[in-house]
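Below are notes on the two-chain model you sent. They go through the chains, then the interface, then a few selected residues.

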Amino acid sequence: MRYTLLLHYPEMSLDELGEEGMAAGQEAFRSYAAALHAAGVLIAGEVLQPSSLTTTVTAASGTLQVQDGPFASTKEQLGGTFVIDVPDLDAALAWAEKAPSVQWGTVEVRPTATHVVDGQWVEG
Amino acid sequence: MLAASTRDIALAEDALADAFERALRTWPEAGVPDSPEGWLLTVARHRQSDVLGSAARRTSVPLPDADGSGRTLPAPLEDTDPDRIPDRRLELLFACAHPALDPAIRTPLMLQAVLGFEAAEIARAFALPSATMAQRLVRAKRRIKDAGIPFVVPDRSVLPARLEPVLEAVYGCFAIDWQGSAAPTVRESMAAEAHYLAVTLAEMLVDEPEAWGLAALITLSLARTPTRSAEVYVPLDEQDAAAWSSALITEGEGHLRRAAECRRDGAPLGRFEIEAAIQAAHCARARTGVLDSAALRTLHEALVVVAPTLGARVALAAAVARADGPAAGLELLDAIDDPALARFQPAWATRAALLAEAGEHEGARAAYAKAISLTTDIPTRRWLEQQAARLG
């Protein structure tokens with residue numbers, strides 16, 4: 001089954017984090033991605049730029065609007081995603097518990113409903 | 001350790017850091033003083049009173065020089081009694097593991113306040129951003145100050161209850177969840193710090209069986225470091241006992257004897273003492289060449305009585321299987337009534353091994369698949385995959 005791990009955490013600037021803090025964080029994510037890859041469960045991993053670089057597009061109100069900034073302005077923002085393919089929720093949770101950012105934020109574990117392969121939507 | 005008089009950990013740390021730096025500069029040439037800890041603390045205390053006296057004098061403290069031999073305390077320090085100093089450290093340990101502090105911050109606080117680690121180093125060991133760890137440490141120290149957490153060794157009547165979180169926090173330094181991200185060197189150095197803390201704590205408390213039990217547990221576990229590898233997982237029973245450190249095994253056995261000697265007649269064994277005895281039983285293989293599986297089964301039974309955690313119960317099933325065969329172990333595994341069992345990796349790994357041993361290959365394959373899916377540590381995963389592949 002495919003699951004997406006949605007990593008939410010308070011955003012910190014390089015100034016707040018410090019060079020060393022940034023390096024440590026990068027090392028933790030490097031190691032995490034390497035473990036996911038070595039275990040053969042990693043489909044895709046993305047770490048996102050700060051939410052201040054988000055542009056939000058919507059036509060839900062009837063007219064198309066393009067806005068600066070994230071959809072919801074909250075303290076915690078979506079900071080990254082990992083798509084993994086594991087047998088069940090127990091295994092997905094085991095990996096979610098090891099995501100570095102679980103130490104300073106939250107990780108949502110969502111099963112995939114459908115995904116695209118070669119331009120076609122397929123189940124699971 | 002210096003904070004008791006001023007209740008100001010930050011100031012004590014500054015003073016201590018200075019003393020460490022001083023020690024590192026002096027010792028290589030002058031040799032280690034008779035009582036290194038005492039020397040450090042004495043220097044640090046002098047330094048501290050200086051800051052309190054006059055901030056302007058901070059940069060020009062007349063630090064004492066060791067005499068040529070380095071065998072005695074520097075002359076200006078003779079007025080202090082080094083034997084009294086470790087007591088302060090004990091008080092600080094109890095403050096760091098005070099029940100009013102969040103359990104998760106107790107170990108980091110000890111590392112910083114008692115051993116002088118910097119927040120960034122502690123953060124690395126706990127796989128946290130340094131800013132986050134620094135913030136949590138500052139918050140905890142402010143809480144000690146503002147809530148008025150005392151720097152005292154608790155009274156005998158409450159000591160057992162108050163000692164437990166201290167021991168847990170020292171153990172926490174040994175058993176950090178490494179998240180697979182900390183470098184092996186960081187891991188080894190933290191284990192060495194835990195060893196130092198545990199032995200120091202036991203010595204300072206003199207006759208607390210569980211403190212000696214913890215010292216024994218950590219020492220005996222450390223003895224097996226040579227057979228531990230970051231790349232390959234080797235199960236305990238298959239480790240090359242000849243490679244274990246006989247010096248640490250002897251030391252650990254000594255601590256374990258101390259635990260037994262100072263336990264009052266009829267007093268029950270504590271969790272750490274039992275866990276240390278389990279380690280000692282495994283380590284004895286280095287001498288005898290065989291594993292006393294009956295003794296191990298008894299010890300694991302005792303552990304489940306004292307600390308009935310899921311881990312202890314699964315370990316008991318494995319120990320019973322080792323002594324009485326896989327069927328007996330599987331029966332115990334099946335009897336565990338805990339919803340967390342379904343996603344508890346050790347339970348699946350144990351079940352898989354026992355089913356394989358019992359010749360139930362189909363069930364073993366399924367259990368191995370589940371165990372592997374729950375394993376995020378790559379060397380362990382590889383090992384489980386190899387075991388599963390052997391079933392054909």
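1. A contact here means heavy atoms within 4.5 Å. On that basis, residues 24 or more positions apart account for 71% of the contacts in chain A with a separation of 6 or more. For chain B the corresponding share is 65%.

2. This is a predicted model, in which local features need pLDDT of at least 70 and side-chain atom pairs count only at pLDDT 80 or more, while totals for chains, interfaces and linings use all residues; side-chain values use heavy atoms, with hydrogens and water left out. Residues are numbered from 1 along each chain as its sequence is written, and chains are lettered from A and ligands numbered from 1 in the order in which they are written.

3. Helices (H or I, at least four residues) and strands (E, at least two) are DSSP runs, numbered from the N terminus. Chain A has two helices and eight strands, in the order β-α-β-β-β-β-α-β-β-β from the N terminus on. Its C-alpha trace spans about 45 × 45 × 25 Å along the principal axes. Chain B comes to 19 helices and zero strands.

4. Buried means under 20% relative accessible area, exposed over 50%, and partly exposed in between (1.4 Å probe, protein chains only). Of the 124 residues of chain A, 35% count as buried; in chain B, buried residues make up 51% of 392.

5. The interface draws 23 residues from chain B and 23 residues from chain A. Buried area is the accessible area (1.4 Å probe) that two parts lose on being put together, summed over both. Chains B and A bury about 2,000 Å² between them, with 50% of it on carbon and sulfur atoms.

6. A salt bridge is a side-chain nitrogen of Lys or Arg within 4 Å of a carboxyl oxygen of Asp or Glu. Three are counted between chain B and chain A. One pairs B:R343 with A:E97, the closest N and O atoms being 2.4 Å apart; please check that distance by eye.

7. On the side of chain B that touches chain A, the elements giving two or more residues are α6 (119-125), α7 (130-147), α18 (361-373) and α19 (378-390) of chain B. The most come from α7(B), with four residues.

8. Which residues of α19(B) are buried? They are B:I378, B:P379, B:T380, B:R381, B:W383, B:L384, B:Q387 and B:A388. Their cover includes α1 (14-38) and α2 (89-98) of chain A, together with α17 (345-357) and α18 of chain B. The residue B:G392, which follows α19(B), has a positive phi, near 75°.

9. The expected span of a helix is 1.5 Å times one less than its number of residues. With 13 residues, α19(B) reaches 19 Å from its first C-alpha to its last, close to the 18 Å expected.

10. B:S373 lies in helix α18 of chain B. Is B:S373 buried or exposed? B:S373 is buried, with a relative accessible area of 4%. Leaving aside neighbours within four places in sequence, B:S373 is in contact with A:P87, A:A91, A:W95 and B:R381.

11. B:T132 is placed in helix α7 of chain B and counts as buried at 9% relative accessibility. Its C-alpha is separated by 9.6 Å from that of B:A120, twelve residues apart along the chain.
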